[in-house]
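Hi,

Here is the model I said I would pass on.

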Amino acid sequence: MSNLAGVLPAVLSAVAWGVGDFAGGMGARRESPYRVLGVVSAAGLLALLAAGLLTREALPRPADVGWALLGGAAGAVGIVALYRALAEGSAAVVSPTAAVVGAAIPVIAGAVLEGPPGGDRLLGIALGLLGIWLVSRSAE
């Protein structure tokens, strides 16, 4: 049973992520992606503040706040681009492409800082790229 301890949170996380992508793309078809991002960010901030208060988390250090703001700004640019692409294109092509491109940044950073990834990770990258190619071919 202990091997399955992470399954439910993982499934719930995947469902939440998928619903968020779908709802964000649909919202961006009706409203500005910037407005959608504002509403989503405000809701996320409120949820995080509530969770922090409920669990009595300590306040973050100023340096951590700075890094969080920088990361949040980069994430906002990415989410607006994703919402715009979902509003204008096929979600079957946009979502996997965004996922692989988003995963490429830490892979590249890891390769530079720690050396190239191992064979199993390279296989995963190759399969992701193959998946994008197959999905984009079926959308033509």
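**Ala 87 and its helix**

Ala 87 is found in helix H3; helices here are DSSP runs of H or I with at least four residues, numbered from the N terminus. Before going further: this is a predicted model, where local features need pLDDT of at least 70 and side-chain atom pairs count only at pLDDT 80 or more, while totals for chains, interfaces and linings use all residues. Residues are numbered from 1 along each chain as its sequence is written, and side-chain values use heavy atoms, with hydrogens and water left out.

Back to Ala 87: its relative accessible area is 23%, so it counts as partly exposed (buried is under 20%, exposed over 50%, partly exposed in between, with a 1.4 Å probe and protein chains only). Setting aside neighbours within four places in sequence, Ala 87 is in contact with Gly 25, Ala 28 and Arg 29 (contact means heavy atoms within 4.5 Å). Glu 31 is 56 residues away from Ala 87 along the chain, yet their C-alpha atoms are separated by 9.8 Å.

H3 itself has 27 residues and reaches 39 Å from first C-alpha to last, close to the expected 39 Å (1.5 Å times one less than the number of residues). Its buried residues are Val 80, Leu 82, Tyr 83 and Leu 86, and H1, H2 and H4 are among what covers them.

**The largest pocket**

The largest pocket has a volume of about 840 Å³. On a 1 Å grid over the protein atoms alone, a pocket is an open set of points where a 1.4 Å probe fits, with protein on both sides within 12 Å along at least five of seven lines; lining residues have an atom within 4 Å of a point. The volume is the space filled by probe spheres set on the points, which are joined across faces, edges and corners.

Of the 28 lining residues, Trp 17, Asp 21, Gly 78, Ile 79 and Leu 82 are the closest to the centre. H1 (7–30), H2 (33–55), H3 (62–88) and H4 (91–114) each supply at least two residues of the lining.

**Two positive phi angles**

Which residue has a positive phi although it is not a glycine? That is Arg 56, at about 55°. Arg 56 is found in the loop between H2 and H3 and is exposed, at 76% relative accessibility. Most residues other than glycine have a negative phi. Gly 115, which follows H4, also has a positive phi, near 100°.

Cheers
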